[in-house]
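Here are some friendly notes to read alongside the model. Please keep the structure open as you go through the points.

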Amino acid sequence: MAGQTVSMKGPVCLIENDSDGKLCVVRSALETLSQIEQHVVVVAVVGLYRTGKSYLMNKLAGTNKGFALGATIQSQTKGIWMWCVPHPIKSDHTLVLLDTEGLGDVEKGDDSNDNWIFSLAVLLSSTLVYNSMGTIDNYALEKLHYVTELTDHIKVKSVEGDIDESADYVRFFPSFVWAVRDFGLELKLDGKPITAHQYLENALKRKQGTSNKIVKYNLPRDCLRKFFSPRWCFVFERPANSEKMKRMEELTDADLEPSFVKQSRDFCDHLFKEVKTKTMIGGLKVTGKMLGNLTEMYVDMIRSGQVPCLDNAVVALSQIENSSALEKAKAYYQQSMAKMVVFPTETQQQLSMVHASMEREAVAIFMNSSFKDEDQKYQKELMKALQEVYSTILEKNSQESQRACTHIIEHIFAPLKVQLRNGSYMTPGGYKHYCDDLKMMTSEYRSTGGKGVKAEEVLKKYLNDKESTGQAILSADQSLTEAELKAEEEKAKREASEQEKRTMEEQIRVQEMLMDDQKRTHEEHKKQLLEKMEADKENAKVEYNRVLEAKLKEKEDLLKEGFHCKAQEMEAQIKDLRKEQEEQEKAKPSTWKLALDNIGTAALMTPGWGKLIGVGLKVGSHFMN
């Protein structure tokens, strides 16, 4: 998805606290996100205040300056700040960096605000970077108590009562990166070298036992293991001495420890390559515009005292996005038709071809931006809207054709009008001259371009109006015998019948093209709906495989660590997941058939088709009788 994006010169505040201390979104930041039609990769960094979070975000943005750094004990970042930059690897994606307010700020002293900041970072990101100092020990994990409180701050489904939904979190939560700053230990375990990722997984191992102390010890570890997959870890040595650290914004890589520079580069490269597009339930890929709407929804829920609910957010977001997709597709069709169609078109086929092309592109625009369109409600509305616009265009094409034909007839048949006014044909032999002139001018009219779809119909009306005139000239022509008079009258009737036939054929051609338009509309909507359902199926499959893999790995790790009961609980979750997938697969044929039937019914019932095709049938029937 290429789409439109923006590249910001620097970060702006996305979420702040108002005068009452409540979280609120910054409107100008939402407007920036609303301009991003590309899919987004969202990296959010959280951690205790004054641990150097902003430095890492600046490196991801490819600069040393941007997010505020500071050398004092005061927290520099307040709320959540955002910086949107082109993704360095994925050219069709925008990288959205979210730098959060430092957790545990003594000046603020508000655990509730910290919990909501942490929860919003989880809800909005593709990957969550947790930044800490020193080592990953029990003290560091206790400081990460926010992860144990996510069940109180995020709901998956809109259901009443106290239901444990934590088993579903891994389906919707971001990947997790632990960035350990000022790391001074050797990466070894039992005397053997290990990677930073293995260092993290070892730190997350559970202890056997059921005492309160052990339950408290295991809780943050269990949460990290259950909620986040995949997980990675990066360790960073101290970047420079204390004096240099006071002016970090002024330093270049050459002023920093080479090992720290390499570690920072490895960290950035990994995130650029491994972090996936931000998705929602069902593997739905999120654009910048959608991210802005999600941010506003979640903050509004928090402000009103509600717990953000993923299901409710998806439903509300689908209504916003589908309405927007409908208007966007309709506007594209209108603008494109206005640009491409020159009235009158020479044939209905020319107009139908432009309509088919623009309709195909408009439907594609809708499909690219819409999701969770239950019962194809918005797609059916689009079908109706495009047909209404097309009906107006058809009517205008008809009117412009009539106008053009009338003008051409006035010009070509002007000499005939002069001759009639002068009485030139009211002489012996005048009827033959009149017929010859009429035939010559009719031939010239038919060979003239720019008449459009009403050429024969307008000509028929003109010739019908001249029937009495021709009859008068024929009656006044003294050079004709009685037999010749009768022959000329029969000839005039044949020519009138031939003109009726031409007009009928012209109308039937239009009618047939409109019927083809209707059939093509149905087939195009059906084709693109099938493609979208296939794409949605693949996205859901990717999500399912990722979650299944995570749960299988966790089960294996629990067995290795000797936690057989926990492994059995995980096996039950795996069975439930597989059963859910099987049920969805079984339901797909009937679900897809219903969706396609909805589109077929909508195509037949769309206002405009019956009216326009009915006119053609009526005209054709009249001429055939």
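1. Leaving aside neighbours within four places in sequence, Arg206 is in contact (heavy atoms within 4.5 Å) with Asn218, Asp222, Arg225, Leu558, Glu561, Phe563 and Lys566. The side chains of Arg206 and Asp222 are joined by a polar contact of 2.5 Å; the term stands for N or O atoms within 3.5 Å, one able to donate a hydrogen and the other to accept it, with residues adjacent in sequence counting only if both atoms are side-chain atoms.

2. Arg206 is placed in the loop between helix H6 (196-203) and helix H7 (212-227); helices are DSSP runs of H or I with at least four residues, strands are E runs of at least two, and both are numbered from the N terminus. With a relative accessible area of 14%, Arg206 is buried (under 20%; exposed is over 50% and partly exposed in between, for a 1.4 Å probe and protein chains only).

3. A word on the basis: this is a predicted model, where local features need pLDDT of at least 70 and side-chain atom pairs count only at pLDDT 80 or more, while totals for chains, interfaces and linings use all residues. Residues are numbered from 1 along each chain as its sequence is written, and side-chain values use heavy atoms, with hydrogens and water left out.

4. Now the sheet. Eight strands form an open sheet with mixed pairing, in the order E2-E1-E4-E5-E3-E6-E7-E10. Its edge strands, E2 (23-25) and E10 (231-235), each pair on one side only; pairing requires at least two DSSP bridges between two strands. Strands E3 (residues 39-47) and E5 (residues 93-100) pair in the parallel sense over seven bridges, and Ala44 has Leu98 as its bridge partner in E5.

5. The count of aromatic pairs comes to 18, taking Phe, Tyr and Trp rings (the six-membered one for Trp) with centres within 6.5 Å; planes under 30 degrees apart are stacked, over 60 edge-to-face and the rest tilted. The rings of Tyr130 and Trp178 are edge-to-face, because their planes stand at 90°, with centres 5.1 Å apart. Tyr130 lies in strand E6 (residues 127-133) and Trp178 in strand E7 (residues 175-181), so this pair ties together parts 48 residues apart in sequence. Both Tyr130 and Trp178 are buried.

6. Phe234 and Phe267 also make an edge-to-face pair, 5.6 Å centre to centre with 85° between the planes. Phe234 is in strand E10 and Phe267 in helix H9 (residues 258-274), so the pair ties together parts 33 residues apart in sequence. Phe267 is buried, with a relative accessible area of 1%.
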